[in-house]
Amino acid sequence: MICIRQAQSRDIKQIAKIKVDGWKNTYKGIIDDEFLNSMSISKQINIINNYSLNTMFVAENNNEILGVCRIYDYNESVYDDKEIDCEIREFYVNPSLKRMGIGSKLFNFIKEYFSQKGKRKLYIGCLKDNYSARKFYEKMGGISVNGKEIDIGGKLYPIVDFMYNLNSIYAYHVVTEEPMHIGQHIVFDKNHHNGVWQRVNGKLDIVNDIYNNPEKYMNVELEHHTSVALRELALEKVRVDKYPNYPSRMACLYVSKTLEEAEKWFDYFVSLDRPTFQIVKLNVKGNVFYGDAEKCFDGKLTEKENLILAEKYWENKDFDEASIAEMLVDGDIEVVEIVKSK
């Protein structure tokens with residue numbers, strides 16, 4: 001049985017071997033062979049001896065170390081994003097034991113460890129060309145952004161930064177496409193979009209034609225999805241420029257803050273004969289925006305008009321309890337309970 005525990009001095013040799021084997025296996029063809037060939041277990045033992053074992057956790061089974069994670073806990077963030085207050089500095093799994101759930105178990109333990117300490121945002125950097133690791137960090141709910149560069153053996157390599165919001169938000173979602181199951185994770189970020197993104201991108205040509213030739217459309221009733229595309233493109237432009245920490249409407253899940261509100265939407269969808277399967281409770285580790293659905297405007301013929309209306313939507317100045325609320329969430333979203341099934 002795999003257990004996660006704090007590293008001890010007797011683990012150091014095994015930890016050093018996992019790191020050396022991991023680098024030589026993972027980074028071949030990414031990092032210069034000269035640097036990889038210079039790595040040795042004895043050198044890594046000397047490096048690890050300079051670390052505090054309080055910052056290292058291992059996955060162990062029958063005295064065999066299967067994976068290791070080195071962390072750092074900030075009292076004050078050193079990053080531009082001041083919400084980042086904890087970091088994974090090294091994360092390795094025995095290369096011969098990958099895709100057996102060891103990495104996921106260790107990673108989730110670290111997220112829970114920091115969450116219980118009241119930390120807000122976890123950071124880990126990854127070499128840009130390490131696509132298998134990037135896929136894993138995305139699967140674990142990370143939101144990726146382009147990072148800077150890291151010096152390895154005197155050469156610079158680009159990295160990708162992954163952020164994990166550790167503050168949980170609970171919400172309810174009416175499931176209308178296919179049934180969900182407990183433990184299911186849904187990820188929305190700049191690389192994972194919703195159906196709105198697909199529909200909007202299918203309308204880019206006509207949107208450009210409308211903006212370039214508005215007179216052609218003066219007395220024309222715009223098709224619904226075209227109007228939506230005009231609106232959503234303006235909303236996204238304003239969000240990116242002025243409100244980048246809000247979820248994108250094209251990369252989010254639309255949810256309800258309360259079960260009562262979700263039940264109203266459930267009954268409404270059923271009345272429309274729309275396929276409606278469940279109400280699920282979600283644990284959201286990501287960004288959230290509470291908006292006024294009445295400020296969701298019909299797209300106009302000029303971009304200037306649409307941008308003005310989009311600004312009013314995100315400003316959210318007059319939002320109160322009487323407003324028709326819409327709640328947008330992104331990040332790592334986990335189904336924790338099936339509340340209602342049809």
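Figure 1. Asn63 sits in the loop that links S2 and S3. This is a predicted model, so keep in mind that what you see here was computed. The backbone of Asn63 has a positive phi of about 70 degrees, even though Asn63 is not a glycine. Is Asn63 buried or exposed? With a relative accessibility of 55%, Asn63 counts as exposed, because the cut-off for exposed is over 50%. Now look at Asn62, which lies in the loop between strand S2 (56-61) and S3. Asn62 isn't a glycine either, and its phi is positive too, at about 55 degrees. Its side of the story on accessibility is simple: Asn62 is exposed, with a relative accessible area of 68%.

**Figure 2. The whole chain, before we zoom in again.** If you count up the secondary structure, you get 10 helices and 14 strands. Picture a box of roughly 75 × 45 × 35 Å, taken along the principal axes: that's what the C-alpha atoms of the chain fill. The chain has 342 residues, and 46% of them are buried. Now take the contacts in the chain with a separation of 6 or more: 75% of them come from residues 24 or more positions apart.

**Figure 3. A cavity and the residues around it.** How many cavities of 30 Å³ or more does a search of the whole structure find? The search turns up one. The largest cavity has a volume of about 60 Å³. Its lining is made of Ile15, Lys19, Ile48, Tyr51, Met56, Val68, Cys69, Arg70, Glu90 and Tyr92. Sorted by class, that lining has seven nonpolar residues, three charged ones and no polar ones. Which of the elements gives the most to the lining? It's S3, with three residues.

Figure 4. Lys17 belongs to helix H1. Its relative accessible area is 42%, so Lys17 is partly exposed. Along the chain, Lys17 and Ile41 are 24 residues apart, but their C-alpha atoms are separated by 5.6 Å.

Figure 5. You'll find His173 in strand S8 (residues 169-175). At 11% relative accessibility, His173 counts as buried, because buried means under 20% relative accessible area. Leaving out residues up to four places away in sequence, His173 touches Met180, Leu253, Tyr254, Val255, Gln278, Ile279, Val280 and Leu282. Gln198 is another story: His173 and Gln198 are 25 residues apart in sequence and 21 Å apart in space, C-alpha to C-alpha.

**Figure 6. Helix H9 and its buried face.** Helix H9 (residues 259-271) is made of 13 residues. From its first C-alpha to its last, H9 reaches 18 Å, close to the 18 Å expected at 1.5 Å a residue. Which residues of H9 are buried? They are Ala262, Phe266 and Phe269. Looking down the axis of H9, you'd see these buried residues fall within an arc of 70 degrees, so they line one face of the helix. There's a handy rule behind this kind of pattern: an α-helix has 3.6 residues a turn, so residues three or four places apart point the same way. The buried residues of H9 pack against S8, strand S11 (278-285) and strand S14 (331-341). Turned away from the buried side is a face that carries the exposed residues Glu260, Lys264 and Ser271. After H9 comes Asp273, with a positive phi near 60 degrees.

**Figure 7. Helix H10 and the elements that cover it.** Helix H10 (residues 303-315) has 13 residues, and its reach from first C-alpha to last is 18 Å, close to the 18 Å expected at 1.5 Å a residue. Its buried residues are Asn306, Ala310, Glu311, Tyr313 and Trp314. What covers the buried residues of H10 includes helix H7 (204-212) and helix H8 (224-242), along with strand S12 (288-292) and strand S13 (325-329). Just past the end of H10, Asn316 takes a positive phi of about 60 degrees.

Definitions and conventions
Residues numbered from 1 in each chain as written. Predicted model: local features only at pLDDT ≥ 70, side-chain atom pairs only at ≥ 80, totals over all residues. Heavy atoms only, no water. 1 Å grid on protein atoms, 1.4 Å probe; cavity = no way out; pocket = protein on both sides within 12 Å on 5 of 7 lines; lining within 4 Å. Points joined across faces, edges and corners; volume = space filled by probe spheres on them. Helix = DSSP H or I, 4+ residues; strand = E, 2+ residues; numbered from the N terminus. Nonpolar A, V, L, I, M, F, W, Y, C, P; charged D, E, K, R; others polar. Expected span 1.5 Å × (residues − 1). Buried < 20%, exposed > 50% of the residue type's maximum accessible area, 1.4 Å probe, protein only. Contact = heavy atoms within 4.5 Å. Arc of directions from axis to C-beta.
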